Structure formats: structure tokens, C-alpha cells
Amino acid sequence: MSRAPVPTQPASRSTAAAVGALPSRLIATFSGPVGFALKIALLSIVNALSVWSLTTLASRDKWVPFIVLALATLAIDGIYLMRRAFPLKFLIPGTIFLLGFQVIPVLYTVEVAFTNYSTGHVLEKNEAITGIQGAALNQPENGRTYSMAPARDANGKLVLVLVDDEGGRAYVGTPDGLEPIPSSAIRRDADGAIVSAKGYRLLKGSELFGLDKQITALTIPTSGQKAIRAEGLDTAIELEPVLRYDRAHDQFVRIKDGVVFRDNDRGSFVSAGGQELEPGWKTGVGLKNFSRMIHNPLVRGPFLRVFVWTFVFASVVVLLSFSLGLFLAITLDKKGMGLQRLYRSLLVIPYAVPGFLSLLVWQGLLNDDFGVVNRGILHAHIPWLFDPNWAKVSVILVSLWLTFPYFFLVSLGALQSIPSELTEAAKVDGAGAWQLFRKVTLPLLLIAVAPLMIASFAFNFNNFNNIYLLTGGGPATDQPIAGSTDILISYTWKLAFAAGKGADYGLASAVAIVIFFIVAAISTIGFARTRVLENVA
Amino acid sequence: MSVVERTEDAAISRPKAVARRLRGPKWFLEMGWRHVVAICACLFALFPIAYVVSAAFNADQSLGGSSLIPRHVTLENFRAIFRTSQPAGSEFLPAHYVRWFLNSMLIAGATAVATVILGALAAYAFSRFRFKGRRFGMLALLLIQMFPQLLAVVAIYLIVLRVGDVFPVIGLNKPTALIVVYLGGAMGVNTWLMKGFFDTIPSELDESARVDGATPAQIFWGIILPLATPVLAVIALISFITTLNEYVIASVILQTTQKQTLPLGLYQYIDQQFGKHWGPFAAGVLLAAIPAALLFTFLQRYIVQGLTAGAVKG
């Protein structure tokens with residue numbers, strides 16, 4: 001969430017004095033053996049968790065995280081067991097989470113933005129090569145066939161018991177290869193199906209069907225890059241590769257016709273004719289994701305439209321909410337007006353209800369057939385959520401409803417802090433009501449409220465909920481992925497997680513970085529105005 | 001921020017005597033129109049809420065049957081959302097409302113409590129210690145916070161996906177994973193707000209405790225935290241409501257219906273069931289809104305201060 005921090009209210013000194021007696025008692029509770037025991041208990045938990053994680057990491061051969069974690073744990077133990085008062089003792093807990101789930105994700109976002117990470121490009125290159133080799137197998141003419149029975153060996157590992165249909169020789173096939181076993185170990189029934197195999201437990205019934213996928217995926221390498229694979233549940237066939245990987249030239253050759261597939265530097269092997277082998281792999285693509293936003297018409301179209309709408313949405317919502325909030329504040333800020341307190345509490349209610357609930361409720365109220373706005377209030381048939389333009393109006397209207405109480409509260413406070421001598425003096429000088437507002441009230445008010453407007457703009461710029469929970473970003477347009485009310489953040493989310501054609505993590509991260517620069521620029525202006533940085537001294 | 005300080009007293013306390021009673025058109029020009037505007041604004045602010053309350057008690061469960069005043073008052077809608085089995089002959093899919101509610105409360109509650117503790121610890125270090133890198137640390141917090149977690153959602157998803165391979169406890173579909181991710185945003189603004197408040201607690205209090213032999217940890221838990229209760233409560237509440245509202249990160253980490261939070265669950269529920277089950281939906285909204293709204297009203301005075309200081313509630 002985007003916020004512009006400023007120091008808060010001073011703690012009142014009288015409370016400090018009043019509670020003065022309490023601390024000494026609390027200190028007594030936390031000092032001595034009790035405090036020490038608490039500290040040791042917490043440290044023990046941290047160490048236990050760490051040791052458990054270290055064993056897990058070691059068992060998976062993840063040595064880099066292993067070393068990092070081990071060193072970090074040692075450092076933490078050292079710091080907390082030292083007697084000296086260390087600011088680090090207070091900074092470490094939050095920093096761990098900050099590093100792990102804020103700093104690292106940010107760095108990783110930057111990394112991904114310069115890659116082609118997307119559906120079909122998730123593997124490393126060597127994994128992709130293995131994948132291509134595994135996928136590109138074909139049954140040769142007159143290839144060997146086997147009678148097969150899936151079984152578990154003495155260790156419970158899934159294997160295939162195979163009998164060559166021609167020679168009648170028996171084998172056990174594992175992902176490591178083919179191993180001959182004496183044919184006497186195998187009994188077959190009249191149809192040739194394998195009934196039992198000595199030393200192996202054949203799989204039957206539901207256990208067999210439950211393992212369907214694993215059995216189909218089991219590839220048993222044989223000589224000359226050939227492989228045996230199950231075909232159904234009782235036969236297996238020998239397959240030979242369609243493609244040959246030429247390690248020296250880092251390319252695939254189609255054995256049949258000699259067509260060459262070369263690494264295209266963008267994570268795929270591609271033939272001269274443009275045919276692409278799947279899967280591809282993850283690789284750096286430089287600024288391509290960013291240049292796509294400008295040069296690729298399929299990306300540029302939706303991106304630019306969404307970009308403009310994001311600005312329109314955020315600024316209109318902030319300006320309207322501020323205007324309405326200020327207007328109401330001026331209206332209610334009148335000495336001697338009755339019911340002020342009641343009005344004030346009622347107007348704040350939309351702000352007190354969690355936003356996601358209000359948004360979902362509004363979705364129902366604006367339903368074009370049954371919603372009360374059309375049916376009960378306007379007696380009209382306005383397609384609030386299903387027409388591109390009306391949907392934009394709805395999104396702004398509902399956001400106004402959610403946001404104006406904030407500006408109402410803030411403006412009311414700011415109005416009352418304007419010294420009445422100033423307004424009185426202006427009146428004496430003959431200023432009219434409008435002049436008074438334009439020349440005295442508004443400028444003074446903006447000193448306090450302008451930074452908040454900037455913070456609110458930055459917040460609404462990324463206000464995923466106000467869009468997605470109301471319209472889902474829709475209604476759909478003729479452009480891919482982006483709907484009529486999508487803002488940049490909901491567009492990013494859809495690119496990565498909701499697109500029908502597959503996820504494009506690279507492009508999504510690139511858009512996220514663009515959003516960051518915009519919001520950072522806006523926030524910097526906000527910080528400059530609040531002069532918050534002076535507080536660092 | 002004296003701006004808002006006066007809101008309560010000045011706006012609300014009525015002057016002892018109004019100089020003269022205004023009447024007729026003059027009264028309207030001075031006062032009357034203000035009431036008209038205020039009443040219109042209240043209607044705009046409250047009509048959605050009025051419809052929800054009414055729908056929650058309305059015997060007609062459909063969206064089309066909702067009205068401002070329920071024709072037949074019933075508690076059936078509330079019973080419906082607590083029912084886990086499907087009543088015979090009904091198309092009503094048992095919504096996992098209770099589960100979503102508990103998931104949300106657990107995740108938002110744990111995040112709020114941990115956020116306050118982590119933020120306060122760091123704020124104490126920045127407020128009471130003078131050390132190398134202090135200025136850098138505070139600026140770094142500010143800068144990192146400019147890149148909200150929301151934007152890093154793709155990276156967070158990919159990280160949780162891979163970490164979960166080794167440690168399923170913080171993998172996909174685990175509430176613990178979501179809480180831990182949210183805590184990444186615990187420092188930052190909160191630390192700034194609390195540091196500002198801690199700075200105003202007179203350091204003589206620490207001094208005298210230190211003379212009595214108290215360690216910094218004892219001063220923190222024994223003096224600073226109890227005195228900072230109001231600001232801690234506000235940050236806890238803002239963090240609670242922000243977490244409760246959070247959709248994006250929750251949507252990529254929590255994947256099965258049973259594990260989801262209220263925003264995710266209700267969004268899918270209305271997507272499929274809207275027209276027919278508006279009543280139970282409204283009952284669910286009402287139950288979820290009441291605790292948050294009560295807390296908000298209760299802490300309003302402090303929240304307004306926090307808001308002016310720049311916190312934006314989602």
C-alpha cells in the first residue's frame with residue numbers, strides 16, 4: 001500500500017506521567033530469570049527451526065541456501081547472546097522478513113523482467129534439451145514390441161516387467177535402463193500376458209489404474225538413444241528418436257530429412273522454416289519485454305489504453321473525492337448547526353466497512369436486470385457493468401463512494417485548524433464568500449491536504465480491488481487480455497495469472513517495473529511536499 | 001498535525017448559546033441548505049448499506065426480490081451461511097463461509113499482531129539508539145516501500161512455488177506462507193509512524209529506568225510499549241483491515257476453496273450464485289463488516305490522526 005509517512009501526534013506528557021508507576025512493575029516482570037528464560041526459549045525455537053530447515057536443505061542438496069541459513073543462524077545466536085545493547089537486536093526480526101519477502105521479490109521481479117519467463121519457457125536450457133529429446137520419439141517401422149506388466153521391485157520402486165514379443169527374452173525396465181532377467185522367473189498365461197514375476201509384485205486393479213500417468217511417463221533408455229515406453233497397460237514399444245541433439249554445434253537435427261533447429265537466443269530451437277521445438281527454456285532477452293510495450297502492436301494497443309485509463313481513473317477519483325469531501329466539510333463546518341455529530345458519524349460509515357465487502361455489494365446493486373439502482377431507484381435499464389463506458393462510470397462512482405469519507409474527515413480537520421482571525425480579516429476587507437474560499441481557505445487547506453492527495457493518487461493508481469472486485473476489469477474488448485476498466489496492476493496480474501493463452505511472467509514483471517517508476521516519481525513529489533525527510537536527522 | 005487534533009472538540013461541541021434564532025428563508029440560507037446537503041450525502045453514503053441489511057433479513061433470497069424494507073423478516077439467510085451440508089432439493093451450494101471467515105481472521109489477526117511487534121522493535125532501535133547506518137536504514141525503508149509487494153506478485157508467486165518444493169509449510173496454498181509474505185511489508189511506513197511517536201515519549205523515563213539497571217529490552221517492553229498503546233492499536237487495526245482486504249497476493253497463494261479468505265471466496269461465490277442467493281450473501285457481508293466497523297468506530301479518534309499522517313486504508 002502506498003502511504004506517505006509523516007510523524008504522528010506527540011504522546012501527551014500527562015499520560016506518560018500517569019502510567020509512570022506501571023513500567024517499574026512491568027520491568028520487574030521482564031527482568032531477571034523470567035526475561036532471560038523468555039529470551040533463551042525464543043532463541044531455542046529459532047535454532048530448532050533452523051536446524052530442521054538445514055537438514056531438509058542438506059537432504060535436497062541445496063548447498064547455497066544451506067550455507068546462507070547456517071551463517072545467518074550463527075550470527076543471530078551471537079548477537080542475541082552478547083550482553084551489549086545492540087540496535088541490531090531490535091532490527092533483525094523485521095529485517096529478515098523485509099529481505100525475504102520484499103527485497104528479494106523486488107530483485108527477482110527485475111531479473112524476470114529481462115527474461116522470456118512464460119508458459120513454455122520455464123525450464124533451464126539443459127532441462128529443455130532433455131525434454132525435447134524425451135518428447136521427440138517415434139515408433140519405427142518394424143520396431144520391437146513387448147508384453148508388459150507394471151510392477152514394484154523389492155524396494156517398492158515402479159518398474160516394468162517386459163517380455164520381448166519376438167525372442168521371448170525377459171527384462172526389467174527402469175528409468176536407468178533395461179536389465180535382463182531369466183525367463184524362468186516369469187510365468188505367462190495362454191494369451192501371453194504376464195501373470196507373475198519372481199522378486200517383483202505385479203500391480204493390479206485400482207492400484208494399477210491409479211498409477212496410469214506414472215506408467216505412461218516411464219521412459220526406459222536402450223541402446224542408440226532409443227527408448228521403451230508403455231503403450232496402454234500391458235504392452236510396451238521401442239521408440240527411436242526423431243531428433244538428434246548435436247552437442248558440438250548446440251543444435252537439433254531431424255534425422256528423417258536433416259532439417260537443423262538452431263538456438264535462436266530467445267529460448268527456443270527453431271528451424272530455418274520457423275518451426276519451433278517445445279519446450280523452450282528461460283533465457284535473458286534484454287529489453288525485449290519493455291520494447292514490446294512500444295513496438296509490438298499486440299502488446300502496445302492494450303498497454304497504452306490501460307496506461308491512459310489508469311491515470312484517468314486515479315486522478316478523477318482523487319479529485320472528485322476531494323471535492324465532495326471538502327464540500328461536505330465546508331457545509332458541516334458551521335457553528336451552531338444541529339446534528340453535526342450525527343451527520344459526521346453517518347458519513348464516515350462507508351469508510352469503516354472493509355472495502356472488498358462494499359465493492360461486492362455494489363456489484364449486486366449495479367446489476368442491470370435485478371440491481372436496486374436500476375430497478376428500485378432509477379427505474380431504468382442502464383448497463384452499469386456491461387457497457388465499456390458505463391463500466392468506467394461505475395468504477396469511478398463506487399470509488400468515489402469509498403474514498404470521499406477520507407477526504408471529508410481530513411478536510412474537516414484542516415478547515416478547523418485555519419485560524420479564524422484570518423477569515424475574519426478577509427471578511428473585514430470585503431472579501432465575498434467565493435473570494436474567501438479561493439484566496440484564503442483553499443490555499444491554507446491544500447498545505448495539509450495536498451500530500452494526502454498525492455498519497456491517495458499513488459494508492460488508487462494500484463487499486464486492484466476497486467477495479468477487479470467490481471467489474472473484473474471487464475467488459476472484454478477486442479484486444480487480448482485487457483478489459484475496458486483494467487488498470488495497469490490488474491492488467492499485470494492477468495498477464496501473469498489469468499490469461500487463457502498462458503502466463504507471461506516476463507512481460508508482467510516488466511509492466512510492474514514501469515508502474516513502480518510512475519508511482520515512485522509521484523511519491524517522491526509527495527515526500528518532497530511533506531518534507532518528511534527532514535525527520536531523519 | 002495539529003490540523004486534526006481539534007476535529008473532535010471543535011466540530012462537535014456546540015456553542016453554548018446561538019445568538020439569535022434565525023427563521024424562514026434567512027434560516028434556510030444560513031443553515032437549512034446545510035441540512036439538505038448533509039441529508040443527501042448521508043442517503044448516498046448509506047443506501048447500499050441499508051439494502052444489505054434489508055436483504056440479509058429478507059425472506060426473498062433473490063437479488064430481484066430485494067427491497068429497502070423486507071417484506072418478510074427472517075433469519076433464514078444467516079442459517080444458510082452456517083449450514084455446511086446441502087439442504088434437500090435446494091441448489092444452494094454449501095458456501096464455505098465459516099471457513100473463509102476463520103481463515104481471514106487468522107491471517108489478518110496474525111499479520112496485524114506480528115506487524116506491530118516487528119515494526120515497534122525496529123522503531124525503538126531508530127528512536128533510541130544512535131548508530132552507524134541509522135539514517136541510511138530509515139531512508140532505505142522508505143525507498144523499498146515505494147515498490148509495494150503488490151507489484152512483486154509474480155516474483156512472490158514464483159518464490160513461494162520454489163520454496164514450497166523444499167518447505168511445504170511455506171508453499172502454495174498454505175496460510176502460513178501468506179502471513180510470512182505479508183510480514184515482508186511489516187516494516188516501512190509502520191516503523192516511521194511508530195518512530196515518530198516513540199520520539200515524543202520523554203527520554204527521562206528511559207534514563208531513570210536505566211539508572212535502576214533496566215536493559216534496553218526491559219525498557220522497550222516495560223515502558224515504551226505500554227505508553228504507545230494508542231499508536232500500536234491504530235497500526236494493528238490498519239494492518240488488520242489492509243490484510244483483510246488484500247486480494248492479489250492471496251489469490252495466487254491460496255488456491256483451493258477451503259483455504260481461501262473472504263475476498264476470494266465471496267468473489268467466486270457471487271460470480272456463480274449472485275442472482276439467486278443475494279440474501280445469504282448479504283448476511284455474510286453483514287457478519288464480516290460488523291467487527292471491522294465496530295473496531296473502526298471505537299478507534300476512530302486515533303485513526304483520524306494516523307490517516308492525516310498519511311496511512312491510506314484499502
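Colleague: Let's start with two helices, H5 (residues 97-128) of chain B and H12 (residues 229-245) of chain B: at roughly what angle do the axes cross?
Modeller: Keep in mind that this is a predicted model. In it, the axes of H5(B) and H12(B) come within 8 Å, and they cross at roughly 140°.

Colleague: Is the crossing of H5(B) and H12(B) left-handed or right-handed?
Modeller: Residues on both helices make the contact, among them B:Ala108 and B:Ala112 of H5(B) and B:Ile235 and B:Phe240 of H12(B). As for the way H5(B) passes H12(B), the crossing is right-handed.

Colleague: How many charged residues does the contact of H5(B) with H12(B) have?
Modeller: By class, the contact has 11 nonpolar residues and seven polar ones.

Colleague: Stepping back, what share of the residues of chain B count as buried?
Modeller: Chain B has 16 helices and zero strands. Of its contacts with a separation of 6 or more, 70% join residues 24 or more positions apart. Among the 314 residues of chain B, the buried share is 49%.

Colleague: And which element of chain A has the lowest mean pLDDT?
Modeller: Chain A averages a pLDDT of 81, but over residues 1-20 of chain A the pLDDT stays under 50. Helix H10 (residues 297-332) of chain A has the highest mean among the elements, 92, and the lowest, 43, belongs to helix H1 (residues 13-18) of chain A.

Terms used:
Residues numbered from 1 in each chain as written. Chains lettered and ligands numbered in written order. Predicted model: local features only at pLDDT ≥ 70, side-chain atom pairs only at ≥ 80, totals over all residues. Helix = DSSP H or I, 4+ residues; strand = E, 2+ residues; numbered from the N terminus. Buried ≥ 20, exposed ≤ 12 C-beta atoms within 10 Å, placed from the backbone. Contact = placed C-beta atoms within 7 Å. pLDDT = per-residue confidence, 0-100. Axes fitted to C-alpha atoms, helices over the stretch in contact; angles between N-to-C directions. Left-handed = near helix turned anticlockwise from the far one by under 90°. Nonpolar A, V, L, I, M, F, W, Y, C, P; charged D, E, K, R; others polar.
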